[in-house]
Amino acid sequence: MLEDNNNDYIPMWLLAELTYACPLQCPYCSNPLSLPAGRKEELTKEDWIRVMKEARKLGAVQIGFSGGEPLVRKDCVDLIGTANDLGFYCNLITSALPLTEKKIEECKEAGIKHIQISFQGSDKETNAKFGGTDSFEHKLAMTKAVIDKEIPLGLNFVLHRQNIHQVTDFLMMAENLGAEFVELANTQYYAWALHNRDKLLPSQQQLIEAENATNRFRDQHKGNMNAIFVAPDYYERRPKKCSAGWGTTFITVTPEGDVLPCQSAKIIDGIEFPNVKDNSLGEIWQRSDLFNRFRGTSWMTEPCRSCPEKEQDLGGCRCQAFMLTGDAYATDPICDKSPQHDIIEKAIASAQVDDEEAQPLYFRNTKNSKKLSAMEEGS
Amino acid sequence: MIDFDTKKFHINPNYRLQFEEAQKCHVLLYPEGLVKLSDTAVEILSRCKQAVHKKTLIEDLQKDYPEAETLAADVSDFLEHAASESWLVVVED
Ligand code: SF4
Ligand code: SF4
């Protein structure tokens, strides 16, 4: 175990996944495949308050209330209020479905400082197709309401092969609404998205066009709107760091209280996942096997171990390495130095075959959850 | 941009300026991010919690730091930077 300088790491961010419950069914959802049947196991309000206090003690300053849909929890606004009183900067990551003007007002009074609303498409049809619910008009109305109440708003468009051509429409819509900040976030292939990859991964050509469209928009509209484009890593030659470095910046707490270095870490086999019901957050951050396992570079195997670039990307994402190669210690196969980089090339090739007859999209719902979890266990 | 010659300004009400024990410094928090502030930045920003004119701000600072010769220019530069980052917002009268 690496215990020498763990006190140097400060978890700036606490990601509070209040619940996995969500009224939408996005086929790229980052929640686990095996969704809990009920909500009995969720942390109580008192548990969350303790977790937030412990995170503040460690130095966390940003909190993201997410899920699932965090507003499905009746105590979400109360928790925002407590977080604000504790000194957190409060961000709410929502689908906007449970929002009303009154709810927005309550959030503002409680101290919310930033609301991120996600869209699944730039028009009613696309949005309904990928969210699984007809919610476009409501999302528009709530976006306007957030702006009217002068709460900083971020719009998040999740891009994939079937809507990436809408980039310019997204940006026009965001500008007309008066958004300050827009994230054009390509789907990252974890959890549900991994199982739908053949149907979602864009071609390189599509990606280039979408990036060009974003740049053209920026050149033509020199307004106050800040638009960022996040490419999927499949077309990169180098991997991205795991959430700014495993165990350096982020703490995710799941609805049941498991504490993770990143949202998807639970997929990794053979590690015990610490839980806030058994240990304090400080104990977990500093001493748990999970957080120490991939901190720094000393865990690395070849080719990362002797690579001159190892400090830059820390060998990439551990979850992706595990998902794609079966070995959490392997070089992230996104890296073209990885001996298993062909996995990525094959995935790209396989996604380019437009086969309408193939398996349709798995939407995130209970039926598919059972089916996919069973498939994973069988493999 | 803020017209510092005519307008009053204050810290963006959606941002938070606070001292952080774990970091041992002041930070300014904004949507999904933060900056750690230098002592000088804190000295200036903490006087912008209420609406203030640049002229008054500089006079006040100069009273407390009479020996700082380039103070007016330094504060001006800082204010321009702070406005461009939206740390400060204009007060419409
Ligand atoms: S990705 Fe879609 S389904 Fe998953 S939590 Fe977010 S809004 Fe709900
Ligand atoms: S071999 Fe490993 S450390 Fe080197 S660039 Fe690739 S992922 Fe990064």
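**Notes on the predicted model of chain A**

1. Start at A:Ser95. Its side chain makes a polar contact of 2.7 Å with the side chain of A:Glu69. The model is predicted, so read this pair as a computed one. A:Ser95 sits in the loop that runs between β3 (89-94) and α3 of chain A. The residue is buried, because its relative accessible area of 6% is under 20%.

2. The surroundings of A:Ser95 are worth a look. Leaving aside neighbours within four places in sequence, A:Ser95 is in contact with A:Pro23, A:Leu24, A:Glu69, A:Ile117, A:Ser118 and A:Lys139. Two of these names return below. A:Leu24 is among the residues around ligand 1. A:Lys139 is one of the buried residues of α5(A).

3. Next, the ligand shell. Ligand 1 is surrounded by A:Cys22, A:Leu24, A:Gln25, A:Cys26, A:Cys29, A:Gly68 and A:Arg364. By class, the shell holds four nonpolar residues, two polar and one charged.

4. A:Gly68 of that shell deserves a check of its backbone. The peptide bond from A:Gly67 to A:Gly68 is cis, with omega near 15°. A:Gly68 belongs to the loop between β2 (62-67) and α2 (76-86) of chain A. As background, most peptide bonds are trans.

5. A:Glu302 and A:Pro303 are joined by a cis peptide bond, with omega about 0°. A:Pro303 is placed in the loop between α11 (289-293) and α12 (310-313) of chain A.

6. Helix α5 of chain A covers residues 136-148, 13 residues in total. From first C-alpha to last, α5 reaches 18 Å, close to the 18 Å expected at 1.5 Å a residue. Its buried residues are A:Phe136, A:Lys139, A:Leu140, A:Met142, A:Thr143, A:Ala145 and A:Val146. Note that a lysine, A:Lys139, is in this list. The partners of the buried residues are α3 (101-110), β4 (112-119), α4 (124-131), β5 (153-159) and α6 (167-177) of chain A.

7. What happens to phi just after α5(A)? A:Glu150 takes a positive phi there, about 60°. A:Glu150 is not a glycine. Most residues other than glycine have a negative phi. A:Glu150 lies in the loop between α5 and β5 of chain A. Its relative accessibility is 60%, so A:Glu150 counts as exposed.

8. A:Ala244 also has a positive phi, near 65°, and is a residue other than glycine. Its loop is the one between β7 and β8 of chain A. With a relative accessible area of 41%, A:Ala244 is partly exposed.

9. A:Thr248 is in the loop between β7 (226-230) and β8 (250-253) of chain A. Is A:Thr248 buried or exposed, and why? A:Thr248 counts as buried, because its relative accessibility is 17%, and the cut-off for buried is under 20%. Its side chain reaches the backbone oxygen of A:Ala244 at 2.9 Å. A polar atom of the A:Thr248 side chain also lies 2.7 Å from the backbone oxygen of A:Gly245. Beyond residues up to four places away in sequence, A:Thr248 touches A:Tyr9, A:Ile10, A:Pro11, A:Ser243 and A:Trp285.

10. Helix α14 of chain A spans residues 342-352, and A:Ile344, A:Ala347, A:Ile348 and A:Ala351 are buried in this helix. Seen down the axis of α14(A), these buried residues fall within an arc of 95°, so they line one face of the helix. An α-helix has 3.6 residues a turn, so residues three or four places apart point the same way. The buried residues of α14(A) pack against α8 (197-200) and α13 (318-325) of chain A.

11. Last, A:Ser264. Its place is the loop between β9 (259-260) and α10 (281-287) of chain A. A:Ser264 is buried, with a relative accessible area of 16%. From C-alpha to C-alpha, A:Ser264 and A:Ile10 are 20 Å apart in space, and 254 residues separate them in sequence. A:Ile10 is also one of the residues touched by A:Thr248.

Notes
Residues numbered from 1 in each chain as written. Chains lettered and ligands numbered in written order. Predicted model: local features only at pLDDT ≥ 70, side-chain atom pairs only at ≥ 80, totals over all residues. Heavy atoms only, no water. Helix = DSSP H or I, 4+ residues; strand = E, 2+ residues; numbered from the N terminus. Buried < 20%, exposed > 50% of the residue type's maximum accessible area, 1.4 Å probe, protein only. Polar contact = N/O pair within 3.5 Å; in protein donor to acceptor, adjacent residues only side chain to side chain. Contact = heavy atoms within 4.5 Å. Expected span 1.5 Å × (residues − 1). Near = heavy atom within 4 Å. Nonpolar A, V, L, I, M, F, W, Y, C, P; charged D, E, K, R; others polar. Arc of directions from axis to C-beta.
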